[in-house]
Structure formats: structure tokens, C-alpha cells
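Here are a few worked exercises on helix packing. Keep the structure open beside you and try each task before reading its solution.

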Amino acid sequence: MQDLKEGQHSGFDYWFSWLTWPGLMLICISITAYGFSIDYPIMFFNVAYIFLIIALLFLERLMPHEQQWRLPDGQNFANIAHTLTSKGTVQGLLFFSTVIGLTEVITPVTEPGNGLWPRHWPMAVQAIIGLIVSEFALYWAHRLSHEWPWLWRFHAVHHSVTKLWIVNTGRFHFVDSLVSIVLGTGVLVLAGAPLEVVKWQASITAFIGMLTHCNVQMRFACLSWFFNTPGLHRWHHSLELAESDRNYGENLILWDHIFGTYLNPEHRPPTAIGINAFMPAKFRHQLIWPFLSEASKKKMEAAYLLASTAPCTFD
Ligand SMILES: [Zn+2]
Ligand SMILES: [Zn+2]
């Protein structure tokens with residue numbers, strides 16, 4: 001399929017590029033909703049998630065947004081390892097919360113009748129409120145990860161990629177993941193939201209996260225006014241700080257409108273993305289990188305530089 005340029009209206013390709021994002025979201029939400037209706041929400045969420053991965057891998061080949069981003073970057077192992085360690089950390093946190101009795105402290109807040117949460121409202125409305133409330137915490141967690149240097153150390157791992165595609169969706173340093181999950185989910189738990197709302201928020205976050213990083217040619221129009229679409233997120237990965245310090249929303253883009261960080265120019269987002277600083281290529285080095293002193297960082301950077309000029313590879 002040819003690459004669609006702005007203003008080019010070529011039959012099926014053109015219309016398909018409009019339908020891709022809303023169509024995939026609608027299918028994934030419908031599958032998950034069916035799972036909730038028969039009391040198997042997690043199983044059907046997994047079905048939807050696997051469907052989305054397969055569909056996007058296929059579409060990335062069929063209709064890529066950037067041909068250049070299809071070239072290998074040597075980060076597949078690191079991307080997958082970060083995804084697994086981040087998810088493992090969250091699972092570990094849930095287990096630890098139960099072990100130390102934190103859930104017993106939280107449960108009275110979340111029991112029906114307690115807290116401010118409108119539990120008698122339709123679940124679809126509660127899920128939307130859940131997204132808006134959690135998004136406030138996610139927005140600030142993400143924005144502070146860019147503005148506070150000691151949080152940026154961890155978030156830089158996510159931004160150090162030089163191409164966007166679905167395999168780097170989960171590339172987050174585990175500390176970075178921990179901060180956003182604790183704040184994004186914690187605010188819902190403290191507001192007294194039922195578990196079903198938390199599960200819906202987690203499901204939508206997983207679907208939108210996968211879509212925002214995919215390398216598929218899509219069009220969004222007014223969708224980018226409400227949701228964090230791939231079009232908006234590509235600006236967020238720009239090398240230019242004036243562009244990357246924008247579009248902090250994870251699912252909804254509401255708080256970017258309110259706090260003045262929304263960016264959606266008419267022209268195409270940059271192909272060259274990443275950070276203006278060194279990041280080691282190996283997963284284990286990326287894990288320890290945020291904890292290193294400036295002197296140790298310089299030493300590791302020098303070792304990488306030496307290895308890139310030496311005949312054998314650095315290990
Ligand atoms: Zn970011
Ligand atoms: Zn990203």
C-alpha cells in the first residue's frame with residue numbers, strides 16, 4: 001500500500017485510514033464488554049489484546065506510517081524485557097500490598113456506600129468518569145517525569161527509542177511504570193471506584209497504549225481532540241523539547257487542553273525521534289542507568305564509544 005500524503009484521497013486506502021483507530025477500539029471494547037457481561041472480563045480482555053497485537057503487526061506491514069521505522073534498531077530484546085519487568089513489578093506490587101495488609105486499609109473506602117463514587121450510575125458512565133479521574137493523575141505523573149530531572153532519568157528509557165512501533169509500547173523502566181500505575185490506579189481506589197471501573201480503566205489504557213505507539217498510517221480528525229492518538233503521541237516523542245513537552249495524556253487528552261500542553265499541528269510529525277542524550281543499548285545497562293552517578297555514566301558511555309570503534313562487540 002502506498003504511503004498516504006496529506007490531502008490525498010485515494011479510495012479504499014483513504015477511507016480505511018479513517019476507520020482503523022475507531023474500528024479497532026470499538027472491536028476491543030466490544031470483546032471486553034462481552035467478557036464483563038458473562039463474568040470473564042480478564043479472559044476476554046486478553047482475547048481483545050491479542051487480537052489488537054496481531055491486527056497491528058499486520059497493519060504495520062500493510063500500511064506503515066514511516067517506512068524508515070520498519071528498519072531494525074537492535075532494541076527488540078530491551079523493549080520486550082522492559083515490558084515484562086514493568087508488568088512483573090506491578091504484579092509484585094499487588095501481591096506485596098496484600099501481604100502487608102494495605103488492601104485491608106483500602107477496602108473500607110471502596111466498599112459500597114462509602115466514598116464519593118456514584119456506584120448507582122450506569123457502568124459506561126462510571127467507566128468514563130474513571131478514565132477522566134485517573135487521567136488527571138496520569139497527566140501529572142507523565143508531565144513531572146519530563147519536568148523533574150530525577151523522574152526523567154527513568155522516563156528517558158521510554159523516549160530513547162528512535163522509531164515507534166508496537167514492540168516499544170511497553171518499554172518503560174520499571175520505576176517509571178510503578179509511579180504511573182500507583183498514581184493512576186491509586187486515585188481511583190481512593191475515590192472509592194468499584195473494581196469493575198479499575199478493570200475498565202486498565203483495559204482502555206492497554207488498548208490506547210498499544211495504538212499510540214503503532215507505526216500504522218491512520219487519520220484521526222476530531223478524535224485527536226479527545227483521545228491520545230498515535231498522531232499526537234508522535235509529537236510527544238520528538239527530539240525538539242518544544243514538541244516533546246506536549247501531549248502528556250495517556251488515554252484522554254483533556255488535561256492537556258486544560259493545562260495548555262496540547263499540540264497538534266497540521267503538518268506531519270518528525271521522523272527523527274528520541275532524546276538528545278546518550279542511552280546505553282543493552283537492557284541491563286538501561287535498568288541501572290538512572291541510578292548511576294554522572295561519573296559512572298560517563299565511564300559507561302566511553303566504553304560504548306570504544307566498543308563501537310573496536311572490532312569486537314562490547315559486552
Ligand atoms: Zn513522555
Ligand atoms: Zn510513548
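This is a predicted model: local features need pLDDT of at least 70, side-chain atom pairs count only at pLDDT 80 or more; totals for chains, interfaces and linings use all residues.

**Exercise 1.** Find which helices are included in what covers the buried residues of H8.

Next, pick out its buried positions: Val197, Trp200, Gln201, Ser203, Ile204, Thr205, Ala206, Phe207, Ile208, Leu211, Thr212 and His213.

Finally, look at what lies over them. The cover includes H1, H2, helix H5 (123-147), helix H7 (174-190) and helix H10 (230-236).

**Exercise 2.** Work out how H7 is oriented relative to H8, and which residues make the contact.

*Solution.* Two packed helices are described by the angle between their axes and the distance between the axes. For H7 and H8, the axes come within 10 Å and cross at roughly 160°. Angles over 145 degrees count as roughly antiparallel, so H7 is roughly antiparallel to H8. The crossing of this pair is right-handed.

Now for the residues: H7 brings Thr185, Leu188 and Val189, while H8 brings Val197, Val198 and Gln201. Sorted by class, the contact of H7 with H8 has four nonpolar, two polar and no charged residues.

**Exercise 3.** Describe the packing of H1 against H8 in the same terms.

*Solution.* The angle between H1 and H8 is about 150°, and their axes lie 11 Å apart. H1 is therefore roughly antiparallel to H8, and their crossing is right-handed.

On the H1 side, the contact is made by Trp21, Leu24, Met25, Cys28, Thr32 and Phe36; on the H8 side, by Glu196, Ser203, Phe207 and Leu211. By class, this contact of H1 with H8 has seven nonpolar, two polar and one charged residues.

An α-helix has 3.6 residues a turn, so residues three or four places apart point the same way. With that in mind, follow Ser203, Phe207 and Leu211 along H8 in the viewer.

**Exercise 4.** Determine how H1 and H2 are arranged, and what classes of residue they bring together.

*Solution.* Begin with the geometry. Helix H1 (residues 11-37) packs on helix H2 (residues 41-62) at an angle of about 160°, with their axes 7 Å apart. The two helices are therefore roughly antiparallel to each other, and they cross in a right-handed sense.

Then list who meets whom. From H1 come Thr20, Leu24, Ile27, Cys28, Ile31, Thr32, Tyr34, Gly35 and Phe36. Their partners in H2 are Pro41, Met43, Phe44, Phe45, Val47, Ala48, Phe51, Leu52, Ala55 and Leu59. Sorted by class, the contact of H1 with H2 has 16 nonpolar, three polar and no charged residues.

**Exercise 5.** Is Leu131 buried or exposed, and which residues does Leu131 touch?

*Solution.* Then count its neighbours. A residue is buried if 20 or more other C-beta atoms lie within 10 Å of its own; Leu131 has 22, so it is buried.

Leaving out residues up to four places away in sequence, Leu131 touches Gln201, Ile204, Asn251 and Leu252.

Terms used
Residues are numbered from 1 along each chain as its sequence is written. Chains are lettered from A and ligands numbered from 1 in the order in which they are written. Axes are lines fitted to C-alpha atoms, for helices over the stretch in contact, and angles run from 0 to 180 degrees between N-to-C directions. Helices (H or I, at least four residues) and strands (E, at least two) are DSSP runs, numbered from the N terminus. Angles under 35 degrees count as roughly parallel, over 145 as roughly antiparallel, 65 to 115 as roughly perpendicular and the rest as oblique. A crossing is left-handed if the near helix is turned anticlockwise from the far one by less than a right angle, and right-handed if clockwise. Two residues are in contact if their C-beta atoms, placed from the backbone, lie within 7 Å. Ala, Val, Leu, Ile, Met, Phe, Trp, Tyr, Cys and Pro count as nonpolar, Asp, Glu, Lys and Arg as charged, and the others, Gly among them, as polar. A residue is buried if 20 or more other C-beta atoms lie within 10 Å of its own, exposed if 12 or fewer, and partly exposed in between; C-beta atoms are placed from the backbone.
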